[in-house]
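Please look over the sequence and the model shown here before reading on. The report below moves from one part of the surface to the chain as a whole, and then to pairs of charged side chains.

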Amino acid sequence: MNVIEGVAFPTESTSATAREVLSAALAKADPVGARAVENETAWRREYLLHFRRAVEAGVGDPAAALAVAEDGLAALHARMVVGDLPLERVIAESSLDQVFHTTSVRGTAEPETEVSLPYRGERLRGDALRRQLAHWREEGVVSASCVEAVETVMDHPEWLRLDGDVVVVVGAGAEMGPYRALQRWGAEVVALDLPRGDVQDRVRQVAAEGAGTVHVPSRILTDADADVGADVVRELPAVAHWLDGIEGRLVLGNYCYADGAQHVRVSAAADALAAHLTRTRPDTALAFLATPTDVFAVPREDVEASEEAYGTGRVARTARGALRTLSGGRLLQRNYPPGADPGICDALVPQQGPNYALAKRVQRWRATAARASGSTVSLNVAPATRTRSVVKNRALAAAYAGAHRFGVEIFDPATSNTLMAALLVHDLRAGVPSQPEPWQDEARGAAHGGLWTAAYHPRSALGLAAVLGIGSLRG
């Protein structure tokens, strides 16, 4: 096994691999779309269209949606490699260059026994939190099912500890992950993150100050700068075998993020863990956060809210017409055709790139495939959030600063990760009944921040939001 590179693309062209994976995903459900992907010569500019087709192909046809998911995953696992082995064979056939044992940390705090949400300098709980949830629902920032789920958890605070479950947080240091909230609530967690001193110091501090129990992989043989932690990209088989020995029902949560092609590598590694654990330990549950900047089929009620917003208009109709004329029709387009049911909200952001789109789509494919095989899955659309990875991109930071002018609320990380942790608790304890179609599973519990109910197609307002947001950033 190549322990230096770990999970890698088969060639230097990440675009070629992505095209092959997406073409394979579409081959049964949309053969014309599959050929269009194969023949695409401007992938980094035109990938948006092809990722949209991969969603549209499954709307109204659950079997097609499942085929897209299963065939896309199979293509990814057949193409990504570790040394000379394809990803699909790595865990079973690799010799172990590293063996982990377990170090556990028990927090010293008393567990919190109610849901509270940090929001704009306050800590909302009880009636104040219910009022905020109702306001978000009224403004179209979150779905009704999201509000219902959080309120159900508020009514059952005994669920917060997740007794009997061990939540494996892949990317424990991620801003959007549930690690901090779960520790406040007293849950048992496996914290997986890089074997770097700064990362592991943060993981250890959260564990020590929390109220739960945290298990981390400890290194016997090490060339890292910390004796705890694991790199799932470079040490995938060792991580898988270590997790095999953890007692209790596992909940494998993928919360990793990385820049560029590295994001695909870490998403593929985490997906290999998901495939392994759901096969060897069938009671394993899976958890994901879907990015709102993707393509989703959305319910009729969100389309109606968007149509109402378009009719009332945050931008005067005369100004809207002038902007459309000057831009050749590119600015301030309707979010959906009138009467669409379901609508297709295409919020892919070109600045995030095709590697980001593929890494996040892999997670949605795994959720669809796992649900179909009977696994418990928690996948919820998270709101756009001011994470470090976003605001370091000046164009996105400016667009986020101006988004409120178009009916989209951008969340702070502490608000988002606590809200999404509450939804995870709901899904694991109240259960998530399967919907007739996979797109409906994805739409349930969505906290989309207003992208689904906004008047305008997200990309047609992105540039204007950035222009309007520049002043806020300078201020």
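A patch, as the word is used here, is made of residues with over 30% relative accessible area and no salt bridge, where like charges are joined within 9 Å and nonpolar side chains (Val, Leu, Ile, Met, Phe, Trp, Tyr) within 5 Å. Accessible areas come from the Shrake-Rupley method with a 1.4 Å probe, and for residues only the protein chains shown count as cover. A salt bridge is a side-chain nitrogen of Lys or Arg within 4 Å of a carboxyl oxygen of Asp or Glu.

This is a predicted model, in which local features need pLDDT of at least 70 and side-chain atom pairs count only at pLDDT 80 or more, while totals for chains, interfaces and linings use all residues. Residues are numbered from 1 along each chain as its sequence is written, and side-chain values use heavy atoms, with hydrogens and water left out.

Leu96, Val99 and Ile220 make a nonpolar surface patch of about 260 Å². Of these, Val99 lies in the loop between helix H5 (87–93) and strand E4 (100–106); helices (H or I, at least four residues) and strands (E, at least two) are DSSP runs, numbered from the N terminus. Val99 counts as partly exposed because its relative accessibility is 44%, given that buried means under 20% relative accessible area, exposed over 50%, and partly exposed in between (1.4 Å probe, protein chains only).

The protein chain as a whole has 19 helices and 14 strands, and its C-alpha trace spans about 70 × 55 × 45 Å along the principal axes. The radius of gyration is taken over C-alpha atoms, and the globule rule is 2.2 Å times the number of residues to the power 0.38. For 475 residues a compact globule would have a radius of gyration near 23 Å, and the 22 Å of the protein chain agrees with this. Of the 475 residues, 59% count as buried, and the accessible surface comes to about 19,100 Å², of which 50% belongs to carbon and sulfur atoms. If contact means heavy atoms within 4.5 Å, then residues 24 or more positions apart account for 79% of the contacts with a separation of 6 or more.

Helix H4 (residues 62–79) has 18 residues and reaches 26 Å from its first C-alpha to its last, close to the 26 Å expected at 1.5 Å a residue, where the expected span is 1.5 Å times one less than the number of residues. The buried residues of H4 include Ala64, Val68, Asp71, Leu73 and His77.

The count of salt bridges comes to 30, and three of them are set out here.

| Salt bridge | Closest N and O atoms |
|---|---|
| Glu235 and Arg219 | 2.6 Å |
| Asp294 and Arg361 | 2.6 Å |

Asp294 and Arg361 are both buried. In contrast, Asp412 is partly exposed, with a relative accessible area of 35%, and Arg386 is partly exposed at 37%. Beyond these pairs, Arg52, Glu56, Asp346 and Arg459 are linked in a network of salt bridges.
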